[in-house]
Amino acid sequence: MTNAKIPADAIDGKAATALLPPFAFLTRCNAWLSLMCMRLAVAGLILIALAVFGQIFGRYVLNSSPSWTEAFALLMVLYVTNIGVAVCVRDDRHMGVELLTGALPPKARVVLKIGIHLLVIVFALLMIWNGWILGRQIMDYMIPNLGLSQGLTYWPLMLSGCLIVLFSVEHIIALLQHTKVLPSWH
């Protein structure tokens, strides 16, 4: 994986590779983390669909809908979306405006992209910090019908923030090495 060539679109016009040593281990770890997160997100989507199906089946067929399905589906949506956001940062599939970066010379483009990733890291650190504060404040409250702590609703925010920091650092190193981060899934 570390010596795989990517055609075109490299920062300096040359073909790019995954992170070079000693950071190749970071690429392997992040690619594995990203792939596992995507699999967890897909499993979460399946659980959401099953919970919603159970709610509909209970309401319209059994005439007695389970009380926990809505709260469970809402909790799972938080986990799926936050994990998905982190994976999109890793695989460079998040929303961006390429008009400005495409018009810049290569060196200025690298500086701008590093600046963007630094801002993403700052935002992710704020996600972690505020998720910790808010989650700690409501840890004693329970989610109705689930019997779980309300603080669990802020764990995906902190998890996503940690992953985004890790993935953005990988992108910054790749930009400094004039390489690209290879997507972990296609």
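Glu170 is buried, with a relative accessible area of 0%. Buried here stands for under 20% relative accessible area, exposed for over 50%, and partly exposed for the range in between (1.4 Å probe, protein chains only). Salt bridges with shared partners link Glu170, Arg90 and Asp91 into one network. A salt bridge requires a side-chain nitrogen of Lys or Arg within 4 Å of a carboxyl oxygen of Asp or Glu. The model is predicted: local features need pLDDT of at least 70, side-chain atom pairs count only at pLDDT 80 or more, and totals for chains, interfaces and linings use all residues. Residues are numbered from 1 along each chain as its sequence is written, and side-chain values use heavy atoms, with hydrogens and water left out.

Searching the whole structure gives two salt bridges. In one, Glu170 pairs with Arg90, and the closest N and O atoms are 2.9 Å apart. Glu170 sits in helix α5 (residues 155-176) and Arg90 in helix α2 (residues 69-90), so this pair ties together parts that are 80 residues apart in sequence. Helices (H or I, at least four residues) are DSSP runs, numbered from the N terminus.

Arg90 also forms a salt bridge with Asp91, with 3.3 Å between the closest N and O atoms. Arg90 is buried, at a relative accessible area of 0%. Asp91 is buried too, at 6%.

## Helix packing

The axes of α1 and α2 come within 8 Å and cross at roughly 155°. Axes are lines fitted to C-alpha atoms, for helices over the stretch in contact, and angles run from 0 to 180 degrees between N-to-C directions. The two helices α1 and α2 are therefore roughly antiparallel, a label for angles over 145 degrees. Their crossing is left-handed: the near helix is turned anticlockwise from the far one by less than a right angle.

Helix α4 (residues 106-137) packs against α5 at about 160°, with the axes 8 Å apart. That makes α4 roughly antiparallel to α5. The crossing of α4 and α5 is left-handed.

## A nonpolar surface patch

Val52, Phe53, Ile56, Phe57, Tyr60, Val61 and Leu62 make up a nonpolar patch on the surface, with about 740 Å² of accessible area together. Patch residues have over 30% relative accessible area and no salt bridge; nonpolar side chains (Val, Leu, Ile, Met, Phe, Trp, Tyr) are joined within 5 Å, like charges within 9 Å. Areas come from the Shrake-Rupley method with a 1.4 Å probe; for residues, only the protein chains shown count as cover.

Ile56 lies in helix α1 (residues 24-60). Ile56 is partly exposed, with a relative accessible area of 45%.

How values were computed: Parallel < 35°, antiparallel > 145°, perpendicular 65-115°, else oblique.
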